Amino acid sequence: MKRILFIVLIALNLHALETPKGSKLDARVSFTTYNANDVFLVKCKNGYVSMLEFSDEERIINIATGFSNGWELIDKENFLFIKPKAYQINQSEQSMTDENGEQIEFAGSSVIEPNAKDWNTNLIVTTNKRIYVFDLVLDENINYKVQFSYPQEKKIKSDIKRMAEEQAAKEKQELAKLETETNRVNVPRNWNFMAHINKGSDTIAPDFAYDDGVFTYLGFSSIKTIPSVFLFDETNKESILNTHLKKDGNYDVLVIHKTAKYILLRSGDKLVGVFNAGYGKNPLAKTYDTTKANVQREVIEDERRN
């Protein structure tokens, strides 16, 4: 039973070590899929440099290895360059005795060249997005380059993009339907409007005006300035009215979310009074409500007033 358990544990350990797969064109160029729970094997060789390539969106923050004296590590944006290097032992660090137990004096420093027995170590790299864990070994079958891929993250981004496109298409379809319904109920019923234009206020005077029993519509040619709109009531008080703009041929039509007897148009010192002479004379047999026929009324603040 213990032997079986031991074999299973060995199998699990082997599974945790991810070996990058070599390219079909050149096995020294390798590819691997990122998994946060994997340890990745990188094969290096004395006298050669290996490179790790992470995601374009990543930047290396920290590098740590168990044998820093034996490895040269240089990071550049999302690239890490790895090279084994000789380890120099200074005279003060050397200690050896002869067969008589006498201390041996060394004349200089000793240099140990990278070798497969002593240079194997681990490497941990942290970036702004992920943590990577590696085993570094010396091997004749060197990895010149190891490039990571991130299919799970790519799928998430693809799903988000697809959902955004579907939502945009749905909103576009709903807007087209709303415009169709709005146009269906927008039937002019009253053209009997008059305007009092103050001196110098011609540029904010509408070219035409009508209402459909629900909204009031003022048309302006391209040379006109779109004014702010106020309700003028029987107590001589003014209150701002909600509006939105729509295009009708060569005219910009200011749609006022109300029918009223008196309306004031203002822009700076310019002032135009609009009188609805047909107000209340031609009522609808059935008032179209903007909550009917799939049309919902939304109050939109006029940006010109900010």
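This is a predicted model: local features need pLDDT of at least 70, side-chain atom pairs count only at pLDDT 80 or more; totals for chains, interfaces and linings use all residues.
Visitor: What makes β17 and β21 a pair?

Guide: Strand β17, residues 228–232, and strand β21, residues 262–267, are joined by four bridges, and because at least two are required, they count as paired, in the antiparallel sense. Within this pair, V229 has L265 of β21 as its bridge partner.

Visitor: In what order do the strands of the open sheet stand?

Guide: Five strands form the open sheet, in the order β14-β22-β21-β17-β18, with antiparallel pairing.

Visitor: Why are β14 and β18 said to stand at the edges?

Guide: β14 (193–197) and β18 (238–240) each have a single partner strand, so one side of each is left without a neighbour in the sheet. From one strand to the next, the twist averages 30°.

Visitor: How do you know whether K261 is buried, partly exposed or exposed?

Guide: K261 has a relative accessible area of 38%, and because buried means under 20% and exposed means over 50%, K261 is called partly exposed. This residue is placed in the loop between β20 (251–256) and β21.

Visitor: Which residues does K261 contact, beyond its neighbours within four places in sequence?

Guide: With those neighbours left aside, K261 is in contact with V274, F275, N276 and Y279. As for F193, which is 68 residues away along the chain, its C-alpha atom is separated from that of K261 by 9.4 Å.

Visitor: How do you know whether strand β16 is mostly covered or mostly open?

Guide: Five of the five residues of β16 (216–220) are buried, and this strand is described as mostly covered. T216, L218 and F220 point one way from β16, while Y217 and G219 point the other way.

Visitor: Which strands are joined to β16 by bridges, and how many bridges are there?

Guide: Four bridges join β15 (residues 208–211) to β16, and five join β16 to β20; because two bridges are enough for pairing, both count as pairs, and both run antiparallel. Y210 has Y217 of β16 as its bridge partner, and L218 has L254 of β20. The hairpin of β15 and β16 has four residues between its strands, and there G213 takes a positive phi near 90°.

Visitor: Which residues touch the most other members of the largest nonpolar core?

Guide: Among its 21 residues, these are F54, F134 and F148. The largest share of this core, four residues, comes from β12. With its neighbours within four places left aside, F134 is in contact with several residues, including F54, L123 and F148. Apart from this core lies another, of 17 residues, among them I204, F220, V229 and L254.

Terms used. Residues are numbered from 1 along each chain as its sequence is written. Side-chain values use heavy atoms; hydrogens and water are left out. Helices (H or I, at least four residues) and strands (E, at least two) are DSSP runs, numbered from the N terminus. Axes are lines fitted to C-alpha atoms, for helices over the stretch in contact, and angles run from 0 to 180 degrees between N-to-C directions. Buried means under 20% relative accessible area, exposed over 50%, partly exposed in between (1.4 Å probe, protein chains only). Contact means heavy atoms within 4.5 Å. A nonpolar core is a set of buried Ala, Val, Leu, Ile, Met, Phe, Trp, Tyr and Cys residues joined through side-chain atoms within 4.5 Å.
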